[in-house]
Amino acid sequence: MSPSLQGPGPDPAQGPALDPVPGPVLRLRADGPAEKKLRPARTNATRQKLFDASMELIGERGAAGVTVDEIAAAAGVSKGTVYYNFGSKSDLIAQLLRHGVDILKARLMSVGSAGAVHAGAGDLPAADPLLTMEEMIGQAMDFMADYPSFARLWVSENWRAPSEWRDTFAVLRAELLAVIGGAIESVAAAYPVDRSISRGSLETAIFGACFVVGLDRQTYNPERTRDQSVAAIMAIMRGYVVK
């Protein structure tokens, strides 16, 4: 661990710091001095506590206005624990972005996995890929409702130029787009589709709509139902299918 990222040692008065987990470090880039390292936290419970505390604080004041001391206090861990496991505030935010995306990906992929199991279950009919996509978008809306501050952080920082977490966003964005792209491929295999529409642009349209529509619903239009939001985003997908 680089001394510049280690920070102050754990505070004995607040309990021992968590030991780092052995294993490889995920390197987002390996070709420049701005390379960031995402260190695994000791337990998923610790990550979740830090995630919940950070998202609440960041939702109130933005990432720049929140300190490590405040995050540690809100999560009920020592400042030394945060530094020991994450190295710096910047790396902490990068890890929390990863944690949030992992939650969202798990929800999206659980729908796709259920459809795949259903499709191969003997005499049961294959799942309609359009309905699977609709369920995935519904899961995305539920995630935005559960973690609106994460959605705000994503939208506010993802397109900021320059952003401190640009490389982190690039990796995580590609992972989410790959999940959406897989669902689009399933639709294209089952339905006649408009091949003139760029697949990459369609992935991005659905991806962006999930964040913007979900966040808009939470912030400005709480009277809109989940189903109304899902139907609006599905209109993009249904326009891809040739009648």
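In which helix is the place of Asp-52? Asp-52 sits in helix H2, which covers residues 44-61, where helices (H or I, at least four residues) and strands (E, at least two) are DSSP runs numbered from the N terminus. With a relative accessible area of 38%, Asp-52 is partly exposed; on this scale buried means under 20% relative accessible area, exposed means over 50%, and partly exposed lies in between, as computed with a 1.4 Å probe on protein chains only. Its C-alpha atom is separated by 9.5 Å from that of Ile-71, 19 residues apart along the chain.

The structure is a predicted model, in which local features need pLDDT of at least 70 and side-chain atom pairs count only at pLDDT 80 or more, whereas totals for chains, interfaces and linings use all residues. Residues are numbered from 1 along each chain as its sequence is written, and side-chain values use heavy atoms, with hydrogens and water left out.

**Overall build and confidence**

The protein chain has 10 helices and two strands, and from the N terminus on its elements run α-β-β-α-α-α-α-α-α-α-α-α. Of its 243 residues, 42% are buried. Contact here means heavy atoms within 4.5 Å, and among the contacts with a separation of 6 or more, 73% are between residues 24 or more positions apart.

The average pLDDT of the protein chain is 81, with 77% of the residues scoring at least 70; pLDDT is the predictor's confidence in each residue, from 0 to 100. Confidence is highest in H10, at a mean of 97, and lowest in strand E1 (residues 26-27), at a mean of 33. Over residues 1-38 pLDDT stays under 50, and the model has 64 contacts beyond four places in sequence for them. Residues 116-121 likewise stay under 50, with seven such contacts. Where pLDDT is low, the predicted coordinates should not be read in detail.

**The cavity**

The structure holds one cavity of 30 Å³ or more, and about 110 Å³ of space lies in the largest cavity. On a 1 Å grid over the protein atoms alone, a cavity is a set of points where a 1.4 Å probe fits but cannot get out, and lining residues have an atom within 4 Å of a point; grid points are joined across faces, edges and corners, and a volume is the space filled by probe spheres set on the points.

The lining comprises 13 residues, of which Leu-108, Ala-140, Ile-180, Phe-207 and Cys-210 lie nearest the centre. Helices H5 (89-119), H6 (129-146), H8 (166-190) and H9 (199-219) each supply at least two residues of this lining, and H6 gives the most, with five residues. By class there are 13 nonpolar, no polar and no charged residues, where Ala, Val, Leu, Ile, Met, Phe, Trp, Tyr, Cys and Pro count as nonpolar, Asp, Glu, Lys and Arg as charged, and the others, Gly among them, as polar.

**Individual residues**

Tyr-240 has its place in helix H10 (residues 226-240). Beyond four places in sequence it touches Ile-184, Ala-188, Pro-192, Val-193, Asp-194, Ile-197, Arg-199 and Leu-202, and a polar contact of 3.4 Å joins its side chain to that of Arg-199. A polar contact is a pair of N or O atoms within 3.5 Å; within protein, one must be able to donate a hydrogen and the other to accept it, and residues adjacent in sequence count only if both atoms are side-chain atoms.

Ser-149 is found in helix H7 (residues 148-158), and its side chain reaches the backbone oxygen of Met-55 at 3.0 Å. Leaving aside neighbours within four places in sequence, Ser-149 is in contact with Met-55 and Gly-59.

Lys-105 belongs to helix H5 and touches Glu-175 and Leu-176, not counting residues up to four places away in sequence. Lys-105 and Leu-176 are 71 residues apart in sequence, yet 6.7 Å apart in space, C-alpha to C-alpha.

| Residue | Relative accessible area | Class |
|---|---|---|
| Tyr-240 | 2% | buried |
| Ser-149 | 13% | buried |
| Lys-105 | 19% | buried |

Pro-162 lies in the loop between H7 and H8, and the peptide bond from Ala-161 to Pro-162 is cis, with omega near -5°. Most peptide bonds are trans.

Note on methods
1 Å grid on protein atoms, 1.4 Å probe; cavity = no way out; pocket = protein on both sides within 12 Å on 5 of 7 lines; lining within 4 Å.
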